[in-house]
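Open the model in your viewer and keep the sequence panel beside it. Each stop below says what to select and what is there.

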Amino acid sequence: MESLYGLLGGFSALANPETLLYMIGGFLIGTLFGAVPGLTSVLAIALLLPLTYSLDVTTALVACASIFMAGMCSGSITATTINIPGAPSSMMTALEGYPMQQRGEGAKALGHAALGSMIGGSVGALLLMVMSPLAADVALLIRTPGKFSLIAFALVVIIISQRGSITKGMIATLLGVMIATVGIDVVQPLARFTFGSSVLVQGIDMMPLIIGTFAISELLIQADSRSARTVDPSKLQAARVRRRDFIPPLSEVREIGVLRYLKSALIGYSVGILPGAGGSMAAFVSYAESMRSSKHPERYGKGNPEGIAASECANNSMCGGAFVPMLTFGIPGDPTTAIVLGVLVINGLQPGPQFMTQQLDLIAPMFASLLVSALVLVPLTLYLLGPYFLKIVSIRRDVLYSSIAVVALVGSYVATYSTFQMALALVFGVLAYFLRKQKYPTVSLLLGFVLGPSLEEYCRRALSINDGNPLIFLTSPDSLFFIALTAVFFYFMVIRKPKGDALNATSG
């Protein structure tokens, strides 16, 4: 009962005009940073971090939570309109949203994305409030061998989802893993694969790779087109929509089904609990499961609202789950919560097993901000600003993409403060361009890069625990569970091949 009163107190804190203003302002900032490629919610909260010295800790956490939710859902805007995900977690949304945009259904695609974000974010926030103690216990059961098998499961699913080109998916994924090995060894403080260059000792940052594989490569792909606009001029009229056009048709919502929304939200929350998993893995696992269980898997990759709903539900629900390991163990669930952890430390707070009970009055407003942002601000922002989002497609191609190039490169510099890393964004952009021309999936390359270091770290740690004996992966119950799950996905996605090629390997 005491916990319930504490959570209700969090909502009453939002009634404070100053706190409410920071929540709304944070959401708008997060929407801007999440929608513009290269300017993610991570960067938005990082820029906010110095301001937390002058803010009340509750106000700072409320602003961080709204930025987090906004940055996660707004990545679907440019993913849908110009096929450049504003955030890595929107990669799967681009596979379905952009084909709908090309058919003149961009408003509907954004409506489905907002509905999925609203449901997923709300479910994730509610689960965070209600089930945090239990979820923390479950996450604690997944030890080093299980974490390795979980990441291996994700990589296998990434590869086999390229059903039309599993070999190319494997090559792209392994290439991403190889790129991630450059720099300091994940276990020992030794430099590797630097080829004698001191600038490579620090490794390759994620931001230049993201910007290169999505923004820069998309610029080069679009440069091949002779059209002066981002879409066929005959479809520009279709972009002039009314606000009510952003409301998804009830028939399509029913076809997607309540069960799919809830299942995707639960997947996202569960993945978010696992430290380091993040929105990209949540969206991908949910998307793959939705494709596997769909009655029409052949529609995936061609503009299917089911895929948008699954992806957006999962990556927004992940927000609630990601706070669990951060608050209970001090282990961030993703890069954004890592910065939120910095906000707590700056204010002299140290997360731990008793933190959520002893400091509930400080973090309850943050929980409330997550729920209100998802339930109210996500649909309200789309309803008010949606028509302006779609006008991106009517901007001249040379103006739009040259502006994106400047912002993306500046974003890569601001994220790393390194001109070398900014140059790497250009290198990866050219590499991704040629990969996409040859039908290699750049999504696989990026996810291989993101998951590769954790895969290596947990593998080596597990082997060192068992004196180099790999049987530890078969004798640990948590590891065995994910190995069995991998076999299930392999059976349904490779042996029992659904009709059609769900993922478009040319998409990034």
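**Ground rules**

This is a predicted model, with residues numbered from 1 along each chain as its sequence is written. Local features need pLDDT of at least 70, side-chain atom pairs count only at pLDDT 80 or more, totals for chains, interfaces and linings use all residues, and side-chain values use heavy atoms, with hydrogens and water left out.

**Stop 1: the whole chain**

Colour by secondary structure. The chain has 21 helices and two strands. These are DSSP runs, numbered from the N terminus: helices are H or I with at least four residues, strands are E with at least two.

Now colour by accessibility. Of the 508 residues, 58% count as buried. Buried means under 20% relative accessible area, exposed over 50%, and partly exposed in between, using a 1.4 Å probe and protein chains only.

Contacts come next; a contact means heavy atoms within 4.5 Å. Take those with a separation of 6 or more: residues 24 or more positions apart account for 80% of them.

**Stop 2: the cores**

Select Phe-323, Leu-327, Met-366 and Phe-367. They have the most contacts inside the largest nonpolar core, which holds 109 residues. A nonpolar core is a set of buried Ala, Val, Leu, Ile, Met, Phe, Trp, Tyr and Cys residues joined through side-chain atoms within 4.5 Å.

Zoom in on Phe-323. Leaving out residues up to four places away in sequence, Phe-323 touches Phe-68, Leu-128, Thr-337, Val-340, Met-366 and Leu-370.

A second, separate core has 17 residues, including Cys-73, Ile-77, Ala-114 and Phe-389.

Val-62 counts as buried because its relative accessible area is 0%. Beyond residues up to four places away in sequence, Val-62 touches Leu-14, Thr-19, Met-23, Pro-365, Met-366 and Ser-369. Show Tyr-22 too: Val-62 and Tyr-22 are 40 residues apart in sequence, and 7.3 Å apart from C-alpha to C-alpha.

**Stop 3: the largest cavity**

How many cavities of 30 Å³ or more does a search of the whole structure find? There are four. A cavity is a set of points, on a 1 Å grid over the protein atoms alone, where a 1.4 Å probe fits but cannot get out. Grid points are joined across faces, edges and corners, and a volume is the space filled by probe spheres set on the points.

The largest cavity has a volume of about 140 Å³. Select Cys-73, Ser-74, Ile-77, Val-378 and Leu-382: of the 14 lining residues, these lie nearest its centre. Lining residues have an atom within 4 Å of a point.

Then show α2 (17-35), α4 (57-81), α6 (106-141) and α16 (360-390). Each supplies at least two residues of this lining. The lining divides into nine nonpolar, five polar and no charged residues. Here Ala, Val, Leu, Ile, Met, Phe, Trp, Tyr, Cys and Pro count as nonpolar, Asp, Glu, Lys and Arg as charged, and the others, Gly among them, as polar.

**Stop 4: the cysteines**

The structure holds zero disulfides, a disulfide being a pair of cysteine sulfur atoms within 2.5 Å. Cys-73 is buried, at 10% relative accessibility. Select Cys-313 as well: at 0%, Cys-313 is also buried.

**Stop 5: two loops**

Select Phe-195, in the loop between β2 (191-192) and α9 (206-223). Phe-195 is not a glycine, yet its phi is positive, about 55°. Buried or exposed? Phe-195 is exposed, at 75% relative accessibility.

Move to Asp-467, in the loop between α19 (442-465) and α20 (472-475). Asp-467 has a positive phi of about 55° and is not a glycine. Its relative accessible area is 74%, so Asp-467 counts as exposed.

**Stop 6**

Select Leu-8 in helix α1 (residues 2-13). Leu-8 is partly exposed, at 49% relative accessibility. Draw a C-alpha to C-alpha distance to Ala-368: it reads 8.4 Å, across 360 residues of sequence.

Finish at Val-410 in helix α17 (residues 397-416). Val-410 is partly exposed, at 45%. The C-alpha atoms of Val-410 and Met-422, 12 residues apart along the chain, are separated by 7.9 Å.

Methods:
On a 1 Å grid over the protein atoms alone, a cavity is a set of points where a 1.4 Å probe fits but cannot get out, and a pocket is an open set with protein on both sides within 12 Å along at least five of seven lines; lining residues have an atom within 4 Å of a point.
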